[in-house]
Amino acid sequence: SQVSQSATPPGKRAFVRRTFDFYEEQIAYLKQESLREQLAGKEGSMNAMVREAIDEWITKRTSTK
């Protein structure tokens with residue numbers, strides 16, 4: 001049998017698309033911050049903001065165990 005290789009280069013993290021429910025005010029805030037960053041010439045990616053927040057949440061949860 002053939003070994004499956006990941007399309008993700010070493011040192012990079014693979015994206016997995018999922019659907020989650022958010023509160024309206026959370027999305028409104030993310031949109032506002034995204035636009036603020038874009039106007040400042042930055043990326044302004046809401047996806048990146050959510051990934052960063054989840055990484056921080058996981059680090060917090062795993063550091064207390």
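**Figure 1. Surface and fold of the protein chain.** The protein chain exposes about 6700 Å². Carbon and sulfur atoms supply 53% of that area. The model shown is predicted. Its secondary structure comes to 2 helices and 0 strands. The chain has 65 residues, and 8% of them count as buried.

**Figure 2. Ser34 in helix H1.** Helix H1 covers residues 24-39, and Ser34 is found in it. Ser34 has 7% relative accessibility. Buried means under 20%, so Ser34 counts as buried.

**Figure 3. Surroundings of Ser34.** The side chain of Ser34 reaches the backbone oxygen of Gly44 at 2.4 Å. Gly44 is also one of the residues in contact with Ser34 once neighbours within four places in sequence are left aside. Met46 and Met49 are the others.

**Figure 4. The largest pocket.** About 990 Å³ of space lies in this pocket. It is lined by 21 residues. Closest to the pocket centre are Val16, Asn47, Val50, Arg51 and Ile54.

**Figure 5. Lining of the largest pocket.** Helix H2 spans residues 46-63. Both H1 and H2 supply at least two residues each to the lining of the largest pocket. The largest share comes from H2, with 8 residues. Sorted by class, the lining of this pocket has 12 nonpolar residues, 6 charged residues and 3 polar residues.

Technical notes
Residues numbered from 1 in each chain as written. Predicted model: local features only at pLDDT ≥ 70, side-chain atom pairs only at ≥ 80, totals over all residues. Heavy atoms only, no water. Helix = DSSP H or I, 4+ residues; strand = E, 2+ residues; numbered from the N terminus. Buried < 20%, exposed > 50% of the residue type's maximum accessible area, 1.4 Å probe, protein only. Polar contact = N/O pair within 3.5 Å; in protein donor to acceptor, adjacent residues only side chain to side chain. Contact = heavy atoms within 4.5 Å. 1 Å grid on protein atoms, 1.4 Å probe; cavity = no way out; pocket = protein on both sides within 12 Å on 5 of 7 lines; lining within 4 Å. Points joined across faces, edges and corners; volume = space filled by probe spheres on them. Nonpolar A, V, L, I, M, F, W, Y, C, P; charged D, E, K, R; others polar. Areas by Shrake-Rupley, 256 points an atom, 1.4 Å probe, with all protein chains shown as cover.
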